[in-house]
Amino acid sequence: MSNAFYSPGDQRAAKVNDLFTAIARRYDLLNDLQSFGLHRRWKNRVAELAAVGSSQRALDVCCGTGDIALALAHSGAEVTGLDFSQAMLKIANSRSQKSEARSQNIVFHAPVFVQGDAMQLPFPDNSFDAVTVGYGLRNLASWEAGLGEMVRVSKPGGRVVVLDFGKPPNRLWRVIYFLHLKISVPLMGRLFCGNADAYAYILESLKHYPAQYGVAEKMRELKLSNVRIVNLVGGAMAINYGEKPV
Ligand SMILES: C[S@@+](CC[C@H](N)C(=O)[O-])C[C@H]1O[C@@H](n2cnc3c(N)ncnc32)[C@H](O)[C@@H]1O
């Protein structure tokens, strides 16, 4: 089955950009509804694993409306968020301006948001102490190239952290979860965003993405160390972690 927003070829980036332009305004609301607010906890876990502190630099790729970039900034790091969608970046910028330090012990630097392509990051090699991505790699024309770019711009010893929809190892749970992505998620998209197709895209894109086990294999191929998978909700969501060798 195909989807109005899924295209495997050269049109991939343009279609994905259309998709996020269409849903940007309701993106945060739908995330809260579909995950019962849990996505915030998973994104905070990404920031914990990135383990950056003051005077360190972090990059969040495909930053969208800025959740992970803001979580990283609350640890005192200098954070850059990168995305190619002007519509998503506009929301990220306005949220960032309203943010303040959560703790008196930390100097909060508002993240800097830049427009750019995750497949060709506009940063020199070895620039960041941690590079993160949430629900982003799956959308790229080549997720392998995107991961390669994240590794390239990480400093030696830097942490590379990837959060995305997973493929549960348990067969029964995988069937139930895929039915949820096929039926209830597009229904919520239709009800709250007026756009079922944009949310049917999640399952379509996941079918073409190897998820946590494939990403872990690729991290090993890229010679990252301490590669591990943190499965969440029985592997329906997952975080991949690796460190660039020193
Ligand atoms: C599902 S959203 C994730 C947003 C955010 N990271 C989060 O977890 O809520 C995916 C984001 O990736 C961005 N994106 C997709 N392909 C991209 C590319 N090639 N370069 C930069 N950003 C891209 C989209 O514009 C969108 O904001």
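Modeller: Start with F123 and F128: both of these residues are buried. Bear in mind that this is a predicted model, so treat every distance here as computed from it. Counting ring against ring, you get 6 aromatic pairs. One of them is F123 with F128, an edge-to-face arrangement with the centres 5.2 Å apart and 90° between the planes. Elsewhere, W173, Y177 and F178 are joined into a cluster by ring pairs.

Now for the ligand. Its shell is made up of 19 residues, and Y27, C62, D83, A118 and G134 are the closest. Three of those five also show up when you look at backbone atoms and ligand nitrogens. For C62, a backbone N or O atom lies 2.8 Å from a nitrogen atom of the ligand. With G134, a polar backbone atom is 2.8 Å from a nitrogen atom of the ligand. As for cover, the ligand has 600 Å² of accessible area on its own, and the protein covers 97% of that.

Who supplies the shell? Helix α1 (residues 12–35) gives the largest share, 4 residues. Sorted by class, the shell has 10 nonpolar, 6 polar and 3 charged residues.

Note on methods. Residues numbered from 1 in each chain as written. Predicted model: local features only at pLDDT ≥ 70, side-chain atom pairs only at ≥ 80, totals over all residues. Heavy atoms only, no water. Phe/Tyr/Trp six-rings, centres within 6.5 Å; stacked < 30°, edge-to-face > 60°. Buried < 20%, exposed > 50% of the residue type's maximum accessible area, 1.4 Å probe, protein only. Near = heavy atom within 4 Å. Polar contact = N/O pair within 3.5 Å; in protein donor to acceptor, adjacent residues only side chain to side chain. Areas by Shrake-Rupley, 256 points an atom, 1.4 Å probe, with all protein chains shown as cover. Helix = DSSP H or I, 4+ residues; strand = E, 2+ residues; numbered from the N terminus. Nonpolar A, V, L, I, M, F, W, Y, C, P; charged D, E, K, R; others polar.
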